[in-house]
Amino acid sequence: GYISLAHGLLVDGSYLDVFDPERMKHTKYPPVFPGLLAMMIALGARTWGTLKLAAAVPTVLAVVATYVWAERRVGVWAAFGVAVLLTLSSGIVYYSHWVLSDPLFLALTILALAALSVWDAAQQEEVDGGPDELSGRRQTVWLGVGVSAAGLAYFTRSAGLPLVLALLGWLA
């Protein structure tokens, strides 16, 4: 389904399932993952193996981002343990080898949480009167990365809506 939508984006320039005889606009899946596949196909990806990189690479990035995020909170060895547990979890193992949007959604969600955590820690240091770990400009960048990643997560899987709503409530 995702590859068909990617093909529709490339061939017709529209978001439709090319195998649907009625050629109706697609409304089931959000567009970020099919858009990623369309870019990969436009750049020369032609085999299942190369298209599976759209899931494998975000899986690796999610594990690395989880380690980095956890390391700031619990230390090196505990973060390593968290990353190993995530790597060995059945969901990660299962979804990392299919051409599905779940790994990209996980990577974007973790990126959003990690970026917003860095931003929040810097904000808290300013409130507490401690030394500012990040300059104001870098704080804005981390906030922008977090908000952007949350938005992209929502447009990767509609399950990202709670993340966006929680972000809006937290910022309010």
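Biologist: How are the rings of tryptophan 77 and phenylalanine 80 arranged: stacked, tilted or edge-to-face?

Modeller: You describe an aromatic pair by the distance of the centres and the angle of the planes. With a cut-off of 6.5 Å between centres, the protein has 7 aromatic pairs. For tryptophan 77 and phenylalanine 80 the centres are 6.2 Å apart and the planes are at 80 degrees, so this pair is edge-to-face.

Biologist: This is a predicted model, so which element has the highest mean pLDDT?

Modeller: Overall, the protein averages a pLDDT of 87, and 94% of the residues score at least 70. Among the elements, helix α7 (residues 102-128) has the lowest mean, 85. The highest mean, 94, belongs to helix α5.

Biologist: How many helices does the protein have?

Modeller: Reading along the sequence, you get α-α-α-α-α-α-α-α-α. There are 0 strands, and the helix count is 9.

Biologist: What is the handedness of the crossing of α1 and α2?

Modeller: The axes of α1 (residues 2-11) and α2 (residues 32-42) come within 8 Å and cross at roughly 65 degrees. On the α1 side the contact includes Tyr2, Ile3 and Leu5, and on the α2 side it includes Phe33, Pro34 and Gly35. By class, that contact has 12 nonpolar, 1 polar and no charged residues. As for the handedness of the α1 and α2 crossing, call it right-handed.

Biologist: And α8 with α9: roughly parallel or roughly antiparallel?

Modeller: Helix α8 (residues 136-154) packs on helix α9 (residues 161-171) at about 150 degrees, with the axes 7 Å apart. Over 145 degrees counts as roughly antiparallel. Therefore α8 and α9 are roughly antiparallel.

Biologist: How many charged residues are in the contact of α8 with α9?

Modeller: From α8 you have, among others, Leu143, Val147 and Ala150, while α9 brings residues including Leu161, Leu163 and Val164. Sorted by class, the contact has 10 nonpolar and 1 polar residues, and the charged count is none.

Methods
Residues numbered from 1 in each chain as written. Predicted model: local features only at pLDDT ≥ 70, side-chain atom pairs only at ≥ 80, totals over all residues. Heavy atoms only, no water. Axes fitted to C-alpha atoms, helices over the stretch in contact; angles between N-to-C directions. Helix = DSSP H or I, 4+ residues; strand = E, 2+ residues; numbered from the N terminus. Left-handed = near helix turned anticlockwise from the far one by under 90°. Contact = heavy atoms within 4.5 Å. Nonpolar A, V, L, I, M, F, W, Y, C, P; charged D, E, K, R; others polar. Parallel < 35°, antiparallel > 145°, perpendicular 65-115°, else oblique. pLDDT = per-residue confidence, 0-100. Phe/Tyr/Trp six-rings, centres within 6.5 Å; stacked < 30°, edge-to-face > 60°.
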